[in-house]
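User: Could you walk me through this one? I'd like to start with the helix packing and then jump around a bit.

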2 protein chains.
Amino acid sequence: MRTAVVIGTGLIGTSVALVLAGRGVTVHLRDHDPDRARTAAALGAGTDEVPGETVDLAVVAVPPAHVAATLAEAMRGGTARGYLDVASVKGGPRRELEALGLDLTSYLGTHPMSGKERSGPLAATADLFEGRPWVLTPGPDTDTEVLNLALELVSMCRGVPVVMDADAHDRAVALISHTPQLISSMVAARLENADETAVRLCGQGIRDVTRIAASDPGMWVDILTANPGPVADVLAGVAADLDETVGALRALQSADEDKRLGGAGAVEAVLRRGNAGRARVPGKHGAAPAAYETVAVLVSDRPGELARIFADAGRAGINVEDVRIEHATAQQSGLVQLIVEPQAAPVLASALREQGWSIRT
Amino acid sequence: MRTAVVIGTGLIGTSVALVLAGRGVTVHLRDHDPDRARTAAALGAGTDEVPGETVDLAVVAVPPAHVAATLAEAMRGGTARGYLDVASVKGGPRRELEALGLDLTSYLGTHPMSGKERSGPLAATADLFEGRPWVLTPGPDTDTEVLNLALELVSMCRGVPVVMDADAHDRAVALISHTPQLISSMVAARLENADETAVRLCGQGIRDVTRIAASDPGMWVDILTANPGPVADVLAGVAADLDETVGALRALQSADEDKRLGGAGAVEAVLRRGNAGRARVPGKHGAAPAAYETVAVLVSDRPGELARIFADAGRAGINVEDVRIEHATAQQSGLVQLIVEPQAAPVLASALREQGWSIRT
């Protein structure tokens, strides 16, 4: 790959362009807002000049609703040998392209699963895709050459290629991303008009469940509008469990002991299914969740306390797998949970105790 | 307070006893399993001998379903001048006690909002309650002396006393604890039979939403059985939002543009209500969530990397408010997000860059 066009210079497009430009590919940047393309060019992501000839690869990085029209225009102009898009939904755009009667042999729909706390070209970085799954959805008619161009791009971006059917991808993201977003928003929405005294009692559990409820509604309306069917299907499954659980809780209020026992059984069943599902969520490095152990350390709120803990852990030769900071309410102290491999936990606890830390076991 | 009885020597009871014993109070430990009381005594939480005379305070720390019977027995035996329980549900036990015809002037229902990753006396620590809300639910008939005994206990435990009506407490915990638990379990339950390829795509969002789905079903059945009405009421509110959102997503699949616009509007509305509710969740130290900024640092998986980051941050005089470690999938590297006060973010980023760290802004 020597030449490329990136159409849409937001977070994802500009990050892709930064990677390509960094590897010596000549990148032409295009955006419906020329200022954004200029910003991306100023960041070193390429040039905003129009290419003089057909490039090797065109990457379309526009919101899902604009993917098909943007691709169609680029294809009809003979922009590139191969075409990718990087939108977060894959089935709809492909069907729109088919409806437009385009030859799709040179097209491959892809989706890099990269987080974005911020959007726009200024948030772009060349390491955005490192270690993240990058879904490729080739059809039976996709040219091998285009698939290889995509694999080359994913490799340059240090992503992890995952091949899936376009509709299977959309069902998967409905399950693991779009539904959790909506449910998190709904739990948080219950707090909108709650008593202040109730809100004061919030702990780490609800903080975690509602973290993503702070996400940008505009971006999520775009995503959900492009994937309504699969999300509605998953949500309907949650709704069925929810209705059953409301029924089970009402049965727990019954004077009839058999009904109460049935209610308790149904509540326990959904909690156990939750255990089973949670056990499948990959932990660090995409592996099955290891049986890590937690060493909890009480710290004050002074600068340097965390540094001291991690320095002491490092000196003990311990690799801390994950960290959770559980802050106390209304007091200037907190609990730091260091998550480590089981055999490391007693070593770490003893090393930290020797250094004077208060360990909660 | 000079003498106390703690009935039920699990995590909470033994932790209370450790605090009291540490402050010179003579603590008598009682449990339906004498081995657990002996274990608690061996930890320094008191003696498992029966008190010779009426003590100042009896603390009942048994599961919600056993609170009323245990309290009634202790009261009828004239065990103490004042009686507290520390169960996570408050309305039901009070009504059971009333139904038993007991004089409740010497009783106060309380609930320390303390986390417990593990249970039993061996998990107990004297710092379990530090900085956490401790709800007190006095009735109009509660003796001031008993309220003051409770405030003395909470103060010794370094908890933060919060006075609430018993039923308001139960509605509050239904909202901020019991409902999030069930919803987290239901989202996780969707993954139980999901395709492995879909599960591989899980990111930090679903990891956070489903973290508490790993909780112990037995303990949660006990809690939910004691608070079914308020939890069912909150869940029914979520169910109504869920049904409306499923309808809105189906409308987004419609050929009718007005229906699609209505669907998008309803989806956006629930996301915005989620924003508003999430903004009320207290952050660190019970304060309203500050507009913190994130400095993201790319790290390798070697021991000591975190120590180096925190040491470098400490040397720059920065107080890290919170940490999030976002691990890469299938690669031995990850992103550490340091959450700091807005004015500290550029200072930290620049200091870390100078030390050779790769910062993603």
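**Helix packing and other points**

Analyst: Helix α10 (residues 228–252) of chain A packs against α10(B) at an angle of about 160 degrees, and their axes are 9 Å apart. Bear in mind that this is a predicted model.

User: How are α10(A) and α10(B) oriented to each other, then?

Analyst: Angles over 145 degrees count as roughly antiparallel, and therefore α10(A) and α10(B) are roughly antiparallel to each other.

User: Left-handed or right-handed crossing for α10(A) and α10(B)?

Analyst: The crossing of α10(A) with α10(B) is left-handed. By class, the residues in that contact are 22 nonpolar, two polar and four charged.

User: What about α9(A) and α11(B), what angle do they pack at?

Analyst: Helix α9 (residues 217–225) of chain A and helix α11 (residues 257–280) of chain B pack at about 140 degrees, with 9 Å between their axes. α9(A) and α11(B) are therefore oblique to each other, and their crossing is right-handed.

User: Which residues of α9(A) and α11(B) meet?

Analyst: From α9(A), the residues are P217(A), W220(A), V221(A), L224(A) and T225(A). They meet A264(B), V267(B), E268(B), L271(B), R272(B) and N275(B) of α11(B). The contact of α9(A) with α11(B) comprises seven nonpolar, two polar and two charged residues.

User: Zooming out, how many residues does the contact take from chain A and from chain B?

Analyst: Chain A contributes 121 residues and chain B 120 residues. On the side of chain B that touches chain A, the largest share comes from helix α10 (residues 228–252) of chain B, with 18 residues. That side of chain B divides into 63 nonpolar, 34 polar and 23 charged residues.

User: New topic. How is chain A divided into domains?

Analyst: Domain 1 of chain A covers 3–164, domain 2 covers 172–281 and domain 3 covers 293–360. Between the C-alpha centres of domain 1 and domain 3 of chain A there are 43 Å.

User: And the secondary structure of chain A, how many helices and strands?

Analyst: Chain A has 13 helices and eleven strands. Its C-alpha trace spans about 70 × 60 × 40 Å along the principal axes.

User: How much of chain A counts as buried?

Analyst: Of the 361 residues of chain A, 51% are buried. Among the contacts in chain A with a separation of 6 or more, 67% join residues 24 or more positions apart.

User: Where does A168(A) sit?

Analyst: A168(A) is in helix α6 (residues 166–189) of chain A. A168(A) is partly exposed, because 17 other C-beta atoms lie within 10 Å, and a residue needs 20 or more to be buried.

User: Backbone next. What is phi of R158(A)?

Analyst: Phi of R158(A) is near 60 degrees, a positive value in a residue other than glycine. Most residues other than glycine have a negative phi. R158(A) lies in the loop between α5 (144–156) and β7 (160–163) of chain A.

User: And what is phi of R158(B)?

Analyst: R158(B) is not a glycine either, and its phi is positive, about 60 degrees. R158(B) lies in the loop between α5 (144–156) and β7 (160–163) of chain B.

User: Why does R158(A) count as partly exposed?

Analyst: R158(A) has 18 C-beta neighbours inside 10 Å, so it counts as partly exposed. R158(B) also has 18 C-beta neighbours inside 10 Å and therefore counts as partly exposed.

Methods:
Residues are numbered from 1 along each chain as its sequence is written. Chains are lettered from A and ligands numbered from 1 in the order in which they are written. This is a predicted model: local features need pLDDT of at least 70, side-chain atom pairs count only at pLDDT 80 or more; totals for chains, interfaces and linings use all residues. Domain bounds come from an automatic or database domain assignment. Axes are lines fitted to C-alpha atoms, for helices over the stretch in contact, and angles run from 0 to 180 degrees between N-to-C directions. Helices (H or I, at least four residues) and strands (E, at least two) are DSSP runs, numbered from the N terminus. Angles under 35 degrees count as roughly parallel, over 145 as roughly antiparallel, 65 to 115 as roughly perpendicular and the rest as oblique. A crossing is left-handed if the near helix is turned anticlockwise from the far one by less than a right angle, and right-handed if clockwise. Two residues are in contact if their C-beta atoms, placed from the backbone, lie within 7 Å. Ala, Val, Leu, Ile, Met, Phe, Trp, Tyr, Cys and Pro count as nonpolar, Asp, Glu, Lys and Arg as charged, and the others, Gly among them, as polar. A residue is buried if 20 or more other C-beta atoms lie within 10 Å of its own, exposed if 12 or fewer, and partly exposed in between; C-beta atoms are placed from the backbone.
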